[in-house]
Amino acid sequence: MNNTTIKASEQIRRSNYISRDLSWLRFNYRVLDLVRNPATPLFERLKFLAITASNADEFFMIRVGSLYNYIDYGKERIDYSGLRELPFRKKLLDFAHKFVSDQYQTYEELRPEFEKQGFNICKVGELTESEQSKAEAFFMHTVYPLLTPMVYDSYHGFPLMMNQLLIFGVVTRTTEETKQQSRITFVQIPNNLSRFYEIQRKNKIIFVPIEEVIRHNMGKLFRNVEIDSVNLFRITRNGDFTLEESDDMDQDFVQEVKQKLKTRKKGRVVRLETEQAPSGYMMKILKERWSIDNANVFSVDQLLDFKGLWQIIKHPQFSNKIKKSPAPVPSPSLPRGASENLFEFLKDHDVLLHHPYNSMEPIVSLLEKAAEDPYVLGIKQTIYRLADNSRVTAALLKAAENGKHVSALFEVKARFDEERNIKEGEKLEKAGCFVIYGISKYKTHTKMMMIIRKEGEKVTRYIHIGSGNYNEQTSRQYTDISLLTTDEVYAHDVSEFFNVITGHSYPENYEYLITAPKDMRQQLIELIRRETHNAAQGLPAGIVIKINSLEDKEVMDEFYNASQAGVQIRLIVRGICCLRPGREGLSENIQVSSIVGEYLEHARLFYFHNNGNPTVLGGSADIMVRSFERRIEALFHIVNDELKRQAINILRYNLMDNQNAYIMREDGSYIKRQPAEGEASFNIHREFYKVDLEMREEVNLF
């Protein structure tokens with residue numbers, strides 16, 4: 001370790017804050033830890049390995065891409081670690097290299113288990129003669145017609161390489177006038193080809209990587225040419241772009257988004273993945289062309305892009321190998337059968353759902369019934385991410401066809417879902433829906449729906465507010481919370497909120513909502529300061545918060561102040577956490593845990609003790625600068641006593657988990673929480689499926 005590295009490490013250690021990007025990489029290590037667990041079935045381990053690859057792709061596209069936006073344009077950036085752009089780049093990419101090394105070592109440890117589970121991954125040379133003939137026929141009939149060699153030399157320009165495709169760089173040698181000359185030709189593997197060619201062998205499936213099928217037949221693409229080397233690589237481009245937003249989000253804005261999506265395909269290269277020992281001739285060309293160095297190059301000796309493992313994981317022949325989640329159970333606040341006539345039930349009852357333990361079906365079903373109900377006058381809804389063949393979109397289309405007023409706010413800046421949302425929004429527009437594509441310079445991240453129904457002489461507004469997307473697919477994999485109510489205070493606040501985000505009015509003070517960018521940060525700070533004040537007065541005080549990410553410095557400083565006043569703070573932060581817990585004189589009373597397991601923890605819940613009269617909030621927002629300043633967000637007070645107890649018990653269960661929980665240490669690293677002596681095993685991803693009266697019991701978290 002050289003002096004520069006030592007100085008950087010010391011700077012990071014001294015800082016009161018953890019680097020957002022280094023914290024993110026530690027999160028992916030926690031996912032990798034699930035792959036390493038020998039007690040986990042193989043197909044589950046492969047699933048988590050594929051997830052680490054998907055996470056890493058997004059990390060390089062967005063976080064490393066964002067860093068290069070500063071480096072390439074000479075803009076100053078000081079990380080929470082205290083490091084400037086270039087020293088931080090070195091630290092970050094060094095850490096990323098270590099992660100990739102550990103990732104591939106873990107894969108090597110899994111490979112001996114493949115045969116036992118009825119499959120293997122092989123190269124063409126390992127096949128029988130008849131199998132090789134089948135693979136060659138597949139290449140000639142299916143693959144060969146799709147391949148387009150693109151030569152790069154003094155007569156041909158450098159071709160556009162597509163983001164995250166597998167690409168061959170084929171170095172060939174020709175003799176011209178007694179002089180040997182090398183040139184390079186690129187062959188991109190189309191993404192509509194399966195990642196593996198499959199061969200059935202009795203009760204076993206052989207998966208041959210598509211690149212190995214092509215490599216074996218590469219000579220057919222280069223007849224009468226001497227091939228010097230065949231090198232597989234993959235690039236990741238900067239996917240972090242900024243929109244030039246205006247005050248009116250009309251079709252011009254949508255066109256700008258479409259244009260920006262095209263630029264993402266040409267973004268600067270931030271990562272180059274290669275096979276071991278690639279051609280030096282090719283690497284020199286690629287590094288010069290893309291202005292990268294060895295820090296950006298990740299050489300591996302096994303399968304490139306573990307996301308391809310999904311083909312094996314989801315293979316029909318192995319459907320019995322994937323652990324099935326239990327069937328959803330009724331919420332304590334929504335008895336079995338009550339959802340059959342939810343319009344009637346909600347007139348007298350508020351409902352708190354906890355997904356996926358409680359199904360999302362009541363919400364989708366309510367929307368579908370509203371589309372057909374003759375008494376429903378209108379529907380308003382925010383949409384961030386949708387499922388494939390979305391029932392939500394279908395219901396809104398049906399409602400419009402039935403003459404109801406439908407307003408849908410499609411967030412076209414939902415990263416990597418931009419094109420899908422534009423298409424779905426245009427489909428609704430054609431059906432007569434009122435569609436809004438984003439709000440000014442803000443990203444609409446809140447999850448909110450209102451159904452307006454005429455009931456006799458009055459109109460009832462049915463409200464849904466939650467932490468999760470209106471997405472039937474992810475609702476079975478993400479933990480989220482949902483509130484359903486007809487309470488007039490919620491209804492007034494939500495109506496006002498919709499008027500603000502679809503029009504130009506300035507919001508009134510909400511009674512049950514806390515919104516961003518209006519004053520969410522300040523209101524949360526005031527709630528923290530109330531606990532600080534109570535502790536200073538010798539009164540009981542405590543904070544428990546469950547979120548995805550914690551990064552806002554102003555709020556972290558308030559947590560530090562509260563800790564120093566004696567407030568006990570328990571933070572359950574799934575991913576990024578920039579707060580440093582347990583530092584003497586700063587944060588001794590703060591504990592941070594992270595739950596990483598079968599489900600992706602996506603719910604946001606906030607608990608403030610308030611001297612025994614707790615304030616409890618749920619909603620869509622994390623404690624991040626972007627949540628407070630660049631997003632339309634909403635947290636909602638949970639005021640119903642039964643629902644409040646239910647929410648507090650959700651937090652209590654999270655604190656009790658000793659199977660999926662990791663404890664964050666003062667240096668930013670994490671250790672797996674182990675059951676204490678005599679403590680029973682407690683896995684929230686199983687315990688929440690047990691319906692009992694405990695979730696209704698009065699509980700004090702401190």
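The model is predicted, with local features needing pLDDT of at least 70, side-chain atom pairs counting only at pLDDT 80 or more, and totals for chains, interfaces and linings using all residues. Residues are numbered from 1 along each chain as its sequence is written, and side-chain values use heavy atoms, with hydrogens and water left out. Helices (H or I, at least four residues) and strands (E, at least two) are DSSP runs, numbered from the N terminus.

**Helix pairs**

- Two packed helices are described by the angle between their axes and the distance between the axes.
- Axes here are lines fitted to C-alpha atoms, for helices over the stretch in contact, and angles run from 0 to 180 degrees between N-to-C directions.
- Start with H2 (residues 20-36) and H3 (residues 42-72): they pack at about 165°, and their axes are 8 Å apart.
- H2 and H3 cross in a left-handed way (the near helix is turned anticlockwise from the far one by less than a right angle; clockwise would be right-handed).
- On the H2 side, the residues in contact (heavy atoms within 4.5 Å) include Trp24, Leu25, Phe27 and Val31, and they meet a set in H3 that includes Phe48, Leu49, Ile51 and Phe59.
- Sorted by class, the H2 and H3 contact has twelve nonpolar, three polar and five charged residues (Ala, Val, Leu, Ile, Met, Phe, Trp, Tyr, Cys and Pro count as nonpolar, Asp, Glu, Lys and Arg as charged, and the others, Gly among them, as polar).
- H11 (361-372) packs against H12 (residues 391-401) at about 20°, with 7 Å between the axes.
- H11 and H12 are therefore roughly parallel.
- The crossing of H11 and H12 is also left-handed.
- H11 brings Glu361, Val364, Leu367, Glu368, Ala371 and Glu372 to this contact, while H12 brings Arg391, Val392, Ala395, Leu396, Lys398 and Ala399.
- By class, the H11 and H12 contact has seven nonpolar, no polar and five charged residues.

- H8 (residues 280-290) has Met282, Met283, Ile285, Leu286 and Trp290 as its buried residues (buried is under 20% relative accessible area, exposed over 50% and partly exposed in between, with a 1.4 Å probe and protein chains only).
- An α-helix has 3.6 residues a turn, so residues three or four places apart point the same way.

**Buried residues and their partners**

- Leu309 lies in the loop between S9 (297-300) and H9 (310-313), and is buried at a relative accessible area of 0%.
- Its C-alpha is 7.6 Å from that of Lys47, although the two are 262 residues apart along the chain.
- Beyond neighbours within four places in sequence, Leu309 is in contact with Leu46, Leu49, Ile121, Phe196 and Leu303.
- Ser549 is in the loop between S19 (542-547) and H16 (553-564), and is buried at 9% relative accessibility.
- With neighbours within four places set aside, Ser549 contacts Val573, Ile576, Asp622, Ile623 and Met624.
- Thr444 belongs to S14 (residues 443-444) and is buried at 2%.
- Not counting residues up to four places away, Thr444 touches Thr382, Tyr384, Leu409, Glu411, Ile439 and Ile632.

- Most residues other than glycine have a negative phi, and most peptide bonds are trans.
- His355 and Pro356 are joined by a cis peptide bond, omega about 0°, and Pro356 is in the loop between S10 (351-355) and H11.
- Ala516 to Pro517 is cis too, with omega near 10°; Pro517 is in the loop between S18 (513-516) and H15 (520-536).
- Gln164 has a positive phi, near 60°, in the loop between S2 (150-152) and S3 (166-176).
- Asn610 has a positive phi as well, near 55°, and is in the loop between S23 (605-608) and S24 (615-619).
- Asn610 is also buried, with a relative accessible area of 17%.

Conventions
Angles under 35 degrees count as roughly parallel, over 145 as roughly antiparallel, 65 to 115 as roughly perpendicular and the rest as oblique.
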